[in-house]
Amino acid sequence: EEERPHHVLTQGDLPTYLTRFQWDMAKYPIKQSLRTIADIISKQLGQIDADLKVKSAAYNALKGNLQNLEKKQTGSLLTRNLADLVKKEHFILDSEYLTTLLVIVPKSMFNEWNANYEKITDMIVPRSTQLIHQDNDYGLFTVSLFKKVADEFKLHARERKFVVREFSYNEADLVAGKNEITKLVTDKKKQFGPLVRWLKVNFSECFCAWIHVKALRVFVESVLRYGLPVNFQAVVMVP
């Protein structure tokens, strides 16, 4: 169970905390030596700092993974994930001899593709191409051919500035990819609330701890300046 202060300070509370500052006897017993009190505060802040690094690293890793996946859902057809653009009926599946490839064609070359794709190699299924999707620069076409000429087709297609994207239609993988994004979105939401609450609580803890350091410093410097017995008044100046 995380330790909570009696009152979590908000930004509006900070001036009031300062102007009505009272030493927290429970956390920092004044019967201890000044060195011990300073060590207690230092250890407390060190632990908060270490916890913050772990929590923020975990959250940022999650956020980064999600951003990478989301980037793959958009972006250029040359790099983006094609899974959400294709359907089962676009492919010849479970054939011993035939396969369907996905080809990225620059928009300016659509006519050239349609006129010449059947001649890129032998054994291409006539009239098998279909435009599935297009963005500002490229179109995503299918083409069906014999498996044994697939590698040769990729090579000759690239020579003509048609890029074959590596893609294998597998429904289980497609569902898994969608589920991964959903899971990351859910995990990010789940982590965000507790992280913000933890930050508020521990900002409050740190602020109170640092003000106690200020009070310690004022005390030590005043004794050094004015000597003993202790007889001075500390003041908070508000510009």
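Two strands count as paired if DSSP finds at least two bridges between them, and strands (E, at least two residues) and helices (H or I, at least four) are DSSP runs numbered from the N terminus. With that in hand, here's the sheet: four strands make an open, antiparallel sheet in the order E2-E3-E1-E4. This is a predicted model, where local features need pLDDT of at least 70, side-chain atom pairs count only at pLDDT 80 or more, and totals for chains, interfaces and linings use all residues. Residues are numbered from 1 along each chain as its sequence is written, and side-chain values use heavy atoms, leaving out hydrogens and water.

**The sheet**
- Strand E2 (130–134) and strand E4 (163–165) sit at the edges with a single partner strand each, so one side of each has no neighbour in the sheet.
- E1 and E3 pair in the antiparallel sense over nine bridges, and leucine 101 has valine 143 in E3 as its bridge partner.

**Alanine 209**
- Alanine 209 belongs to helix H5 (residues 171–226).
- Its relative accessibility is 0%, so alanine 209 counts as buried (under 20% relative accessible area; exposed is over 50%, partly exposed in between; 1.4 Å probe, protein chains only).
- Beyond residues up to four places away in sequence, alanine 209 touches Tyr28, Ile41, Gln44 and Leu45 (contact means heavy atoms within 4.5 Å).
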